[in-house]
Amino acid sequence: MAKTRSRKRAASLATRSIHAGEARRKFADSLTTPIIQSSTFTFKDSKEIEGYTRKGKDHYEYGRYGNPTVTIAEKRLADLEGSEDCVVFSSGMSAITTTILSLVQSGDHIVITDDSYKKTLEFCRSYLKQFAIDCTIVSFGDYNALDKAIGKNTRFIFSESPTNPYLNIFDLVKIKEIADRHKVLTLIDSTFATPYNQRPLEFGMDLVLQSCTKYLAGHNDILAGAVMGRTSLVDRIRNLHKSMGGTIDPHCCYMLLRGLKTFPLRVARQNETALTIARFLESHPKITRVYYPFLENHPHYAIATEQMRGGGGVVTFETKGTLRSAKQLLDALRLCYIGPSLGGVETLITHPAMVSYYDYTRKDRYALGIKDTLFRLAVGIEDAQDIINDLDRGLSKI
Ligand SMILES: *Cc1c(COP(=O)(O)O)cnc(C)c1O
């Protein structure tokens, strides 16, 4: 029953990305959502104050506690992810750290997979320790280890899928089984998938996290984050958010709302272009390995194609050659920008060894598989053939 409804809802994602959460009639009959650029909201009289404080009547008070433009983004994101509620933050990391902190107290334990976003791992491994919250990092894909890592004081499993940069795919059905057996919560960072490609709540995950900076806003121009889930959990997160203060600015939130209107179009295109490029790279003589979850030789191809609608816009690959030829490849590019991040309209390429892992020794990097000739391509929405031509020019330097 729930599945049928959600399938219908998935089909109308294009419509809901534009309209969900908004009133049809808006301030001054404006078509677009107004930016309510105000830190403070006023009360007409004492009766209105009482209505707000005693009866919880809908009213805004102060920007850190809520803003009408932000409310619309929260309603839209909740709708797209199929959740009861959502909180929007000033960045993905603000969403992740506030969410984690709202669920734990000292003496608790959490489990996280080793393939998670670097700063999420660092937060769990280092900062939570300061509050006597223990963290077990389990190797990605080792469901046995995950099962064994859970103890009496474990609060949740935090995972990510697909992951960066190898695009590993976590089997959501298996995580759910393990979590249910131990009665712990499941949190998933679904940034690389977006609600277009993956709907974790339908697999029973409790909370979904998004760095809206990436595909959802989609223009490489703002930072934003969100958490989605049922009201009882999201209320706790919203309360802590009011103290932590990772509040998104209303203007920035408008940019997010604008980006959201086209996100299904963009992600559909990015899925298609990334697969085309992955196939091009796979057959290129200078390439030794391509990682893309919708390529048949990806180790998680079966799970990926079962639980996702598309493989997303990131393609990771290894070339022949050395660090020197990797630099030559980068230096030959004229269309792809060299830079971190993903999900925007401009194609970006990054070299993890020189950027994200610059502070690691070569030995430590190689232990993680980050070779000198590894690249991560985050495709934009340019013409696929133009991107291929640019990569081909770079590869010819090797
Ligand atoms: C970028 C990213 C984050 C962090 O989000 P910010 O918006 O940069 O704070 C977290 N998780 C994943 C998977 C990301 O790609």
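Student: What makes the contact between the side chains of E296 and R279 a salt bridge?
Tutor: In this predicted model, the N to O distance between the side chains of E296 and R279 is 3.4 Å. The cut-off is 4 Å between a side-chain nitrogen of Lys or Arg and a carboxyl oxygen of Asp or Glu, so the pair E296 and R279 qualifies at 3.4 Å.

Student: Which parts of the chain does this pair link?
Tutor: E296 sits in the loop between β8 and α12 (301-307), and R279 belongs to helix α11, 17 residues apart.

Student: Why is R16 called buried?
Tutor: Buried means under 20% relative accessible area. R16 is at 10%, so R16 counts as buried. The side chain of R16 meets that of D79 in a salt bridge of 2.5 Å, N to O. That pair links helix α2 (residues 13-19), which holds R16, to helix α4 (residues 68-81), which holds D79, 63 residues apart.

Student: How many salt bridges does a search of the whole structure find?
Tutor: The search finds 18.

Student: What makes H284 and D392 a polar contact?
Tutor: The side chains of H284 and D392 are joined at 2.9 Å. A polar contact needs N or O atoms within 3.5 Å, and a distance of 2.9 Å meets that limit. H284 lies in the loop between α11 (250-282) and β8. H284 counts as buried, because its relative accessibility is 11%.

Student: Why do β8 (287-291) and β10 (337-338) count as edge strands?
Tutor: The open sheet of five strands runs β8-β9-β12-β11-β10, with mixed pairing. β8 and β10 each have a single partner strand, so one side of each is left without a neighbour in the sheet.

Student: How do you know that β10 and β11 are paired?
Tutor: Pairing requires at least two bridges. β10 and β11 have two bridges, in the parallel sense, so they count as a pair. The bridge partner of I338 in β11 is I349.

Student: Which residues come nearest to the ligand?
Tutor: Of the 13 residues around the ligand, G92, M93, D189, T213 and K214 come nearest. Ligand oxygen atoms lie 2.8 Å from a polar backbone atom of G92, 2.6 Å from a polar side-chain atom of T213 and 2.7 Å from a polar side-chain atom of K214. The protein buries 92% of the 380 Å² that the ligand exposes when taken alone.

Conventions. Residues numbered from 1 in each chain as written. Predicted model: local features only at pLDDT ≥ 70, side-chain atom pairs only at ≥ 80, totals over all residues. Heavy atoms only, no water. Near = heavy atom within 4 Å. Polar contact = N/O pair within 3.5 Å; in protein donor to acceptor, adjacent residues only side chain to side chain. Areas by Shrake-Rupley, 256 points an atom, 1.4 Å probe, with all protein chains shown as cover. Helix = DSSP H or I, 4+ residues; strand = E, 2+ residues; numbered from the N terminus. Buried < 20%, exposed > 50% of the residue type's maximum accessible area, 1.4 Å probe, protein only.
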